[in-house]
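Me: I've got this one open and want to go through it with you. Can you start with a term I'll need, then take my questions as they come?

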Amino acid sequence: MPDRYDVLVVGAGPAGLAAAQTAAAHGARVGLLDAQPRPGGQVWRHDVRHQAPRAAREAIAKLQGVDVLASHSVVAVESSALRVETAEGGRLISYGSLILATGARELLLPFPGWTLPGITGAGGLQALTKQGWPVAGKRVVIAGSGPLLLAAADTLRKHGAQVLGIYEQAPAASVHAFARQLRHWPARALQAIGLRVRLAGVPYRFGSFVRRAQGSDSVQRVDIDTPTGTQTVECDLLAVGYGLVPNTELAQLLGCAMDYLGPHPHVGVDRLLRTSMGGVYAAGEAGGIGGLAVARLEGAMAAHIATGHSVAAHALAPQRDRERRFGALLARHFALDPRLHALGDDSTMVCRCEDVTLGDLNGFTDARAAKLATRCGMGACQGRICGTALAELGRFPRSGARPPIFPARLATLAGLTTLPSDDAYRGS
Amino acid sequence: MSGTVASFDLIVIGAGIIGASCADEASARGMRVAIVEPGPIGGGATAAAMGHLVAMDDDPAELALAKYSLHHWEAFADLREAEFSRCGTLWVARNDNELAAAATRVARLNAAGVEARVVDATTLYELEPALVPGLAGGLLVPREAVVYPPRVANHQVKRAQSHGTQLYAGRRVLSLQRGGAQLDDGTRLSGPVLVATGCALPALLPMLPMRGRKGHLVITDRYPGLVRHQLLELGYADSAHGDADSSVAFNVQPRPTGQILIGSSREFSATDAAASPAMVQRMLERSFAFVPKLRELQAVRIWTGFRPTTPDGRPYLGAVPGASDQWVAAGHEGLGVTTALGSAKLMIDLIQGRQPAIDPAPYSPERMAA
Amino acid sequence: MSAQVKLSVNGSLVEVPAGASVAAAIAQLTTQFRRSVSGTHRAPLCGMGVCFECRVQVDGVAHVRACMTPVSEGMQVITDA
């Protein structure tokens with residue numbers, strides 16, 4: 001495979017798939033990178049037991065002429081090139097244009113007991129289930145916020161889990177107002193109705209959130225605050241996620257300007273998805289949480305622009321604008337209850353890599369000072385979990401991105417293309 | 001606060017390891033101290049440093065200061081915040097020539113009272129099985145240690161505060177004035193001033209030349225036991241004290257966490273704080289040449305820092321030439337952590353008009369006025 | 001149904017569908033993947049390679065994210081539980 005592409009797309013979710021396919025259709029030489037072993041991203045993640053949705057299968061099937069670079073993790077930025085890591089070694093891949101379709105991750109917030117095994121994100125458990133995680137017969141509580149909770153419940157039920165309930169933090173009035181708005185988006189309304197039918201019999205509670213989890217080796221019961229009081233539920237798994245935050249680390253390392261709606265950054269783009277850096281575009285969730293339809297439209301738009309087809313890009317903009325309004329609607333109706341910021345106490349772990357508690361951070365108003373004194377954010381996740389949570393909690397913004405973008409082998413950072421297999425570190 | 005005047009026996013500007021040590025020492029001696037720091041405590045070169053407490057023997061003055069300082073570091077050996085780990089230093093010889101040179105260095109170190117000995121190849125591999133085969137031996141300095149400098153600086157500032165030191169956090173000194181300093185919030189501090197601002201020295205004392213010498217470090221995930229000593233190549237001093245515009249040397253440290261810290265690089269002309277892929281590559285290749293297993297390890301983070309470097313490589317410790325009641329402690333290049341405690345004792349002795357335990361003449365800023 | 005893959009987790013034989021992740025294979029046996037720096041048990045949190053809670057040793061290589069690694073026949077996986 002060549003080490004230079006006219007258009008290099010990072011992220012093989014819906015936005016990246018649309019971008020790669022569109023750019024290839026314009027005759028560009030296209031590379032599509034993703035750290036995961038299969039294309040699809042999170043929403044279209046490959047399921048080992050069930051067939052993917054038709055749209056996903058079609059998007060993946062239409063990649064003729066695209067070099068799909070799966071299990072390629074971007075670790076560093078060089079001049080018009082990305083240093084990537086694969087199981088076999090490192091590569092330097094250069095580009096003419098770069099489309100960032102890096103998607104989003106879940107917002108995970110600390111609460112007492114949240115480090116117990118068996119507690120995952122909501123999308124997290126959905127992803128693990130698709131990877132073959134055994135959930136059949138397991139009693140699962142799903143909690144947090146947003147439509148992802150329903151999608152997760154649906155996947156879990158398909159895999160034989162017993163979903164005890166879905167606990168949405170947004171109040172009933174807000175969720176119902178959202179549902180009424182769905183009439184303006186008929187496809188989404190149909191989707192929602194389909195989900196509700198498939199989830200018939202699963203309690204869907206509003207104004208409710210997990211206050212605490214307990215268990216010895218893994219989670220055994222959770223305390224849930226509801227509008228009518230606290231209930232304790234015995235369960236085997238707890239899946240709790242508070243919506244999505246954009247993945248902006250690569251964009252930040254490239255020097256792209258960030259925008260903020262709340263405490264979390266997204267990549268700043270103009271109406272045609274150009275970032276502040278020449279030749280770099282951002283599509284989908286990276287530029288702000290907008291959902292699947294936005295991702296697919298923006299992927300195509302970014303590829304049109306990157307290949308010099310601005311008329312085609314302009315033509316998609318009105319539709320995209322309309323779909324972006326849906327994202328804004330979601331954000332408004334599923335806004336987080338301020339009580340969620342106060343779930344953790346001083347003894348609650350916040351940095352799970354370095355075991356730093358919320359109490360350890362009292363008195364710090366700056367991520368860097370806190371990091372130097374407590375190691376908070378110094379671990380392998382590089383502050384993706386704790387830094388994001390602390391920003392959401394209003395403690396302090398996450399500190400700036402530093403290379404590598406993800407932990408990477410030293411050999412990769414040294415530019416070695418292959419690794420001698422007999423030098424692997426065998427543990428202590 | 002505008003226009004407020006506060007009066008002190010000593011106003012320390014900068015809360016890196018040098019300023020923090022000076023404030024700690026002065027307040028322990030009963031002085032009324034102020035310390036002014038616009039950023040995080042220990043947030044500059046102190047945060048970027050490896051924290052290796054090491055005696056370098058190629059300059060007698062540096063060795064005297066290091067020896068004096070290392071003795072005082074022993075008081076931190078049991079302090080949790082220091083993350084003090086007595087891993088020892090093992091200087092690696094690639095060939096018999098380097099091993100022969102090691103013997104000379106042992107003699108110099110021993111003469112200065114630093115325990116050190118030459119080890120043969122068999123002992124070298126017993127001490128560090130991960131080293132590449134074919135090395136000739138090494139020089140072991142068994143009592144040397146590593147610390148975590150920013151937490152030490154934090155501890156020193158807290159201890160100074162417990163002795164009455166006033167911390168002006170988030171405040172910057174706009175200018176030095178006769179008998180004091182002017183802060184950016186309008187506060188005027190009056191009293192003798194000690195400037196310990198490292199690379200930022202020229203902003204307040206432009207007559208004292210200072211350059212930032214950029215370095216890179218890479219830290220890995222946890223691999224306990226893979227490397228046991230701070231490992232350096234015997235050729236390190238050539239990189240550290242040579243004049244080459246850019247150089248790298250093998251310099252690898254086991255952190256008490258089990259993480260491995262990999263250095264080192266030196267660049268004079270680089271002013272950009274961004275990590276340079278080319279320098280990182282050179283530095284890592286150098287480390288692989290000595291410890292091939294490093295190649296497979298996971299790097300968690302890369303960062304850079306700037307070492308405050310004077311034209312002759314020695315720190316400025318003493319009175320500011322041509323000024324009264326102005327003192328300077330800055331320019332320790334890569335040895336600021338090692339020599340911080342000795343530098344502080346020497347400085348406060350000078351300020352109090354006492355005879356320091358070691359000869360202060362080699363560090364006197366007067367040498368720049370000549 | 002897809003083909004099955006056999007691998008070893010802490011010395012025990014585990015069989016999972018081809019394409020499954022190492023995380024899924026481990027979960028057939030235990031929910032404890034790694035010990036945190038203060039010694040508490042941890043298991044996957046994010047399921048998508050972000051949180052690093054699922055790090056295990058795979059074929060002798062330490063700190064491998066189990067959720068990002070597809071199983072292969074004969075793989076040797078060791079958790080720190």
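Reply: A salt bridge here is a side-chain nitrogen of Lys or Arg within 4 Å of a carboxyl oxygen of Asp or Glu. Keep in mind that this is a predicted model, where local features need pLDDT of at least 70 and side-chain atom pairs count only at pLDDT 80 or more, while totals for chains, interfaces and linings use all residues; side-chain values use heavy atoms, with hydrogens and water left out. Residues are numbered from 1 along each chain as its sequence is written, and chains are lettered from A and ligands numbered from 1 in the order in which they are written.

Me: OK. How many salt bridges between domain 1 and domain 2 of chain B?

Reply: Two. One salt bridge joins the side chains of Arg266(B) and Glu333(B), at 3.0 Å from N to O.

Me: Which residues make up those two domains of chain B?

Reply: Domain 1 is 5-48 + 149-209 + 313-369, and domain 2 is 87-144 + 211-309. The bounds come from an automatic or database domain assignment. Between the C-alpha centres of the two domains of chain B there are 30 Å. In contact (heavy atoms within 4.5 Å) are 10 residues from domain 1 and 12 residues from domain 2.

Me: What area is buried between them?

Reply: About 840 Å², with carbon and sulfur atoms giving 61%. Buried area is the accessible area (1.4 Å probe) that two parts lose on being put together, summed over both. On the domain 1 side of chain B, Ala48(B), Cys199(B) and Glu333(B) supply 64%, more than any other three residues. Glu333(B) is also a partner in that salt bridge with Arg266(B).

Me: In what sense do strands 14 and 18 of chain B pair?

Reply: Antiparallel, over 10 bridges, with strand 14 at residues 211-222 and strand 18 at residues 298-309. Lys214(B), for one, has Phe306(B) of strand 18 as its bridge partner.

Me: And chain C, how many residues does it put into the contact with chain B?

Reply: Five, with five from chain B. Together chains C and B bury about 430 Å², 53% of it on carbon and sulfur atoms. Val37(C), Val61(C) and His63(C) supply 78% of the area on the chain C side, more than any other three residues. There's one salt bridge between the chains: Arg55(C) with Asp221(B), whose closest N and O atoms are 2.8 Å apart. Strand 6 (residues 61-65) of chain C gives the largest share of the chain C side, three residues.

Me: Last one, chain A. Which domains is it divided into?

Reply: Domain 1 (4-105 + 245-332), domain 2 (108-242) and domain 3 (345-392). The C-alpha centres of domains 1 and 2 of chain A are separated by 28 Å, and 16 residues of domain 1 contact 13 residues of domain 2. The buried area between those two is about 1400 Å², 56% from carbon and sulfur atoms. Arg45(A), Phe326(A) and Leu329(A) lose the most on the domain 1 side, together 37% of what that side buries.

Me: How many salt bridges across that interface of domain 1 and domain 2 of chain A?

Reply: One. The side chains of Glu323(A) and Arg188(A) form a salt bridge at 2.7 Å, N to O. Helix 9 (residues 310-333) of chain A brings the largest share of the domain 1 side, six residues.

Me: How many salt bridges over all chains?

Reply: The total is 41. Another in chain A is Arg105(A) with Glu249(A), at 3.0 Å from N to O. That pair links distant parts of the chain, 144 residues apart: Arg105(A) sits in strand 7 (residues 104-106) and Glu249(A) in helix 7 (residues 249-254).

Conventions: Pairing = 2+ DSSP bridges. Helix = DSSP H or I, 4+ residues; strand = E, 2+ residues; numbered from the N terminus.
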